[in-house]
Amino acid sequence: MSKVPGVDYDMLKHFAPNPGRRPLLPDLSEKAQVALMCRMLFHEGWNEHIAGHITYRLDNGTVLTNPWELAWDEVTASDIVTLDETGKIIDGDWNVTPALGLHIQLHEARPDVNVVIHNHARWSGLWANMHRVPPVYDQAGGYVDGPLPLFDEYGGTFEDADKTMAAVRALGDAKWALLANHGSLVVGRDLRQAHLRVATLEWRAKRAYEVELGGGGVALTEEQVQAIALPDAHGFPFLWEAMARRELRRDPGVLD
Ligand SMILES: [Zn+2]
């Protein structure tokens, strides 16, 4: 199987998230991690005004989410709302969108999915509007492999349980989906894996748009993408931490 030059595949296989020499980040509460995730993904292009929801299921079954009223670039740790497993607010000062039903159904249907993220993403949303799945044209667009379903039965906003259940079924075991005429959906085992998936999806979608605008290119084969995609098991080494530090530099108040 062909491999991409410059990628140390052995290192990736044996990657340990914390090598223990120097701390990559200060201690972060789970709410602070969700607030940082909002800020990071805002800067990936998941930034349509106040649209978008991140849910993060904790070990005790409760679910953390961002407030309905706030844009992703202003959320702080104390803004994060806590839900029970049915989606009812049990702690927090803000409302949550009724569109969270899809997330709650996904958490219930897939025990492997502790993080669900949806927004009207800039680049992947563009492909969703074109009803096309972006090819993978470069290495950074191939960090995550597997099918990218296009869910094309647009039925309005995601507030109806039957409509959202159809989306859950369409997603199946996939890591992500394009929602035609709507936006993008990404799931993951934990925040760092879900972050890599969002970042890879946006990069892939942006690159594919630019390559096709520039006259076209040579897409990577599925086999090549599978060889590149080893980081997805743990998230790309140190990436989540680096992007979290970037947000801490931008605004340390995210931890408040
Ligand atoms: Zn939406």
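The following exercises, each with a worked solution, concern a predicted model of a protein.

**Exercise 1. Overall composition**

Determine how many helices and strands the protein has, and what share of its residues counts as buried.

*Solution.* Begin with the secondary structure: the protein has 8 helices and 8 strands. Next, consider burial: 51% of the 256 residues count as buried. Finally, turn to the contacts with a separation of 6 or more: residues 24 or more positions apart account for 74% of them.

**Exercise 2. The zinc site**

Identify the protein donors of the zinc ion, and explain which parts of the chain His120 and His182 tie together.

*Solution.* Step one is to list the donors: His118, His120 and His182 each contribute the atom NE2, lying 2.1 Å from the zinc ion. Step four is to classify their exposure, for which buried means under 20% relative accessible area. His182 has a relative accessible area of 19% and is therefore buried, whereas His120, at 25%, is partly exposed.

**Exercise 3. The packing of H4 on H6**

Describe the geometry of the pair formed by helix H4 (residues 122-130) and helix H6 (residues 191-213), and state which residues meet.

*Solution.* Two packed helices are described by the angle between their axes and the distance between the axes. Here the axes of H4 and H6 come within 7 Å and cross at roughly 60°. The crossing is left-handed. On the H4 side, Arg122, Trp123, Ser124, Leu126, Trp127 and Met130 take part; on the H6 side, their partners are Leu201, Glu202, Ala205, Lys206, Ala208, Tyr209 and Glu212. By class, this contact comprises 8 nonpolar, 1 polar and 4 charged residues.

**Exercise 4. The packing of H6 on H8**

Decide whether H6 and helix H8 (residues 239-250) are roughly parallel or roughly perpendicular to each other.

*Solution.* First, take the geometry: the axes come within 9 Å and cross at roughly 85°. Angles of 65 to 115 degrees count as roughly perpendicular, and H6 and H8 are therefore roughly perpendicular to each other. The contact joins Leu191, Arg192, His195 and Leu196 of H6 to Leu239, Trp240, Glu241 and Met243 of H8. Its residues divide into 5 nonpolar, 1 polar and 2 charged.

**Exercise 5. The surroundings of H3**

Name the buried residues of helix H3 (residues 101-109) and the elements against which they pack.

*Solution.* The buried residues are Leu102, His103, Ile104, Gln105, Leu106 and His107. They pack against strands E1 (53-57), E5 (115-119) and E8 (183-188), and against helix H5 (161-171).

Note on methods:
Residues are numbered from 1 along each chain as its sequence is written. This is a predicted model: local features need pLDDT of at least 70, side-chain atom pairs count only at pLDDT 80 or more; totals for chains, interfaces and linings use all residues. Side-chain values use heavy atoms; hydrogens and water are left out. Axes are lines fitted to C-alpha atoms, for helices over the stretch in contact, and angles run from 0 to 180 degrees between N-to-C directions. Helices (H or I, at least four residues) and strands (E, at least two) are DSSP runs, numbered from the N terminus. A crossing is left-handed if the near helix is turned anticlockwise from the far one by less than a right angle, and right-handed if clockwise. Contact means heavy atoms within 4.5 Å. Ala, Val, Leu, Ile, Met, Phe, Trp, Tyr, Cys and Pro count as nonpolar, Asp, Glu, Lys and Arg as charged, and the others, Gly among them, as polar. Buried means under 20% relative accessible area, exposed over 50%, partly exposed in between (1.4 Å probe, protein chains only). Angles under 35 degrees count as roughly parallel, over 145 as roughly antiparallel, 65 to 115 as roughly perpendicular and the rest as oblique. Donors are N, O and S atoms within 2.8 Å of the metal (3.2 Å for Na, K and Ca); water is not among the atoms, so sites may look incomplete.
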